[in-house]
Amino acid sequence: MADKINIDVLTLDSVQCAACGYMMESIAALPSDVQDMIEYTEWSIKNKDGIGKFLELQGRVLPTICIERDLVFESIIPQYEELIDEMAARAPNDAMRERIKSLRDHGFEFDKIQENLQRAGAGLATRTDSKVK
Amino acid sequence: MAKQLLIDAYRGKRTASPPWVPYAGVHCAFLINEPADKMLKDPKLLAKGVVNAAKRYKADGIPLVFDLSVEANSVGCELKWWGDNVPSVTTHPCSNKTPADAGLKLPTKESGRWPVLYEAAKIAKPQLDDLDCVLMGLFCGPLTLASHLAGVRIFTDLYKNPDFAHEVIKFAGEVGAIAAGFYAEMGSEIIAIVDPVASQIKSETFQEFVTPNSQPAIKVIHDAGKTSSFFICGDCTKVMEDVCKIGTHGFAIDEQLNMNFVRDLARKHEVGFGGNLKLTLALSLGLLSPREDAIVSLAAGGHIGYTFAPG
């Protein structure tokens with residue numbers, strides 16, 4: 001999607017695994033202005049779609065946050081500013097890059113986490129026959 | 001099924017054969033055809049599930065629960081329940097204030113789900129004793145509990161707002177010490193700090209926040225004459241030396257670590273170690289043969305301080 005930054009989170013299962021859960025939350029707690037600019041999905045390797053995505057992106061460890069198909073945070077839960085910087089570096093255009101950078105001092109928002117996690121399919125595809133999309 | 005064998009291995013001693021611990025968790029519910037949420041809320045079903053899994057898998061030890069939401073829930077975090085998984089924490093009372101400002105109180109035996117666990121342990125413990133199987137107590141480690149309390153901001157606060165982070169993690173460590181005491185009282189011979197997110201930070205951050213705030217619980221476990229362990233998940237290579245030095249009798253890791261590397265570290269530090277049958281690749285997905293995977297783990301683990309377990 002050219003007008004959005006695509007984020008894939010490779011996990012074991014964000015409900016069962018706390019590290020995976022907080023990797024997902026680091027994206028779900030981004031401010032609402034950032035939410036408008038990103039598209040993100042949890043890929044649990046408990047299902048075949050997730051294994052396919054792990055292989056496609058050449059994942060090495062779990063959990064990993066991939067931004068625009070780059071393995072950016074591998075077994076390191078990112079700080080807010082690190083996430084903003086890495087997304088800005090991969091923004092599809094200058095206007096979006098500047099808009100993301102302007103939110104660098106904003107910090108996480110916690111009021112819509114559950115809604116955002118639901119949108120990303122967090123915890124909803126943890127069976128071997130689950131379909132992610 | 002052999003309690004002493006498991007305790008010896010957890011303490012880094014030589015054993016005639018490696019003991020075995022299935023971290024059955026909510027799989028116990030599946031085995032008795034019950035939803036996970038129903039089992040975890042019902043002490044009789046929980047005891048039934050745990051004892052059944054111990055028998056079925058001929059376990060030398062089995063956790064009462066493998067559920068890191070218990071401690072968070074006992075100090076006020078709300079939960080989302082799942083029929084096929086452990087509950088997840090949905091609210092973070094310290095997302096914008098310290099534990100003191102949020103009015104958080106240390107848990108008692110009456111807080112949250114502790115009465116259910118006490119009752120389940122009372123039913124399960126004599127049955128596990130008859131099987132010569134250790135009732136293991138697993139509780140949420142300081143950094144993971146701090147994440148539940150403050151949300152993902154804690155990983156930014158570790159660097160940008162360390163005073164706040166210290167306050168939250170110190171409180172989490174105090175809650176952990178109380179949980180350790182509860183498990184000792186229930187009769188758990190082995191009590192483990194489970195801190196999965198501690199693999200997601202740098203070594204110096206681990207030393208500053210996780211090591212000191214694990215000490216109160218370790219003291220409680222050792223003062224009670226019990227055996228201690230530290231469970232960590234994921235690619236924790238960067239903090240493995242710190243895990244070995246934290247002060248527990250041993251540690252356990254997951255499938256992402258190389259067993260030869262882990263074995264050599266454990267022997268260097270003379271601590272026990274457990275792992276790492278591949279939970280996803282072999283047991284869940286069958287992409288590897290579980291039998292051959294088990295042989296690889298057993299061959300690497302050896303007979304000194306090693307416990308065979310899923311990773």
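Q: What pattern does chain A follow when read along the sequence?
A: Helices (H or I, at least four residues) and strands (E, at least two) are DSSP runs, numbered from the N terminus. In this predicted model, chain A reads β-α-α-β-α-β-β-α-α-α, with 6 helices and 4 strands. Residues are numbered from 1 along each chain as its sequence is written, and chains are lettered from A and ligands numbered from 1 in the order in which they are written. Because the model is predicted, local features need pLDDT of at least 70 and side-chain atom pairs count only at pLDDT 80 or more, while totals for chains, interfaces and linings use all residues.

Q: What radius of gyration does chain A have?
A: The radius of gyration is taken over C-alpha atoms, and the globule rule is 2.2 Å times the number of residues to the power 0.38. For 133 residues a compact globule would come near 14 Å, and chain A agrees, with 14 Å. The C-alpha trace of chain A spans about 40 × 30 × 25 Å along its principal axes.

Q: How many residues of strand 2 of chain A are buried?
A: A residue is buried if 20 or more other C-beta atoms lie within 10 Å of its own, exposed if 12 or fewer, and partly exposed in between, with C-beta atoms placed from the backbone. Strand 2 (residues 38-44) of chain A has 5 of its 7 residues buried. In chain A as a whole, 47% of the 133 residues count as buried.

Q: In which sense do strand 1 and strand 2 of chain A pair?
A: Two strands pair if DSSP finds at least two bridges between them. Strand 1 (residues 5-11) and strand 2 of chain A are joined in the parallel sense by 7 bridges. A:I5 has A:I38 as its bridge partner in strand 2.

Q: Which backbone features stand out in a list of phi angles and peptide bonds?
A: Most residues other than glycine have a negative phi, and most peptide bonds are trans. The bond between A:L62 and A:P63 is cis, with omega about -5 degrees; A:P63 sits in the loop between helix 3 (48-56) and strand 3 (64-67) of chain A. A:E68, not a glycine, has a positive phi of about 50 degrees. A:E68 belongs to the loop between strand 3 and strand 4 (70-74) of chain A and is partly exposed, with 15 other C-beta atoms within 10 Å.

Q: How many residues of chain A are in contact with chain B?
A: Two residues are in contact if their C-beta atoms, placed from the backbone, lie within 7 Å. Here 26 residues of chain A are in contact with 27 residues of chain B. Helix 1 (residues 18-28) of chain A gives the largest share of the chain A side, 6 residues.

Q: In what order do the strands of the open sheet in chain B stand?
A: The order is 1-4-5-6-7-8-9, with 7 strands and parallel pairing. Strand 1 (61-63) and strand 9 (306-310) of chain B are at the edges, each with a single partner strand, so one side of each has no neighbour in the sheet. Within the sheet, strand 4 of chain B is joined to strand 5 (residues 190-194) of chain B by 5 bridges, and B:C140 stands opposite B:V194 in strand 5.

Q: What span is expected for helix 9 of chain B?
A: The expected span of a helix is 1.5 Å times one less than its number of residues. Helix 9 (residues 162-186) of chain B has 25 residues and reaches 36 Å from its first C-alpha to its last, close to the 36 Å expected. Just after helix 9, B:G187 takes a positive phi of about 100 degrees.
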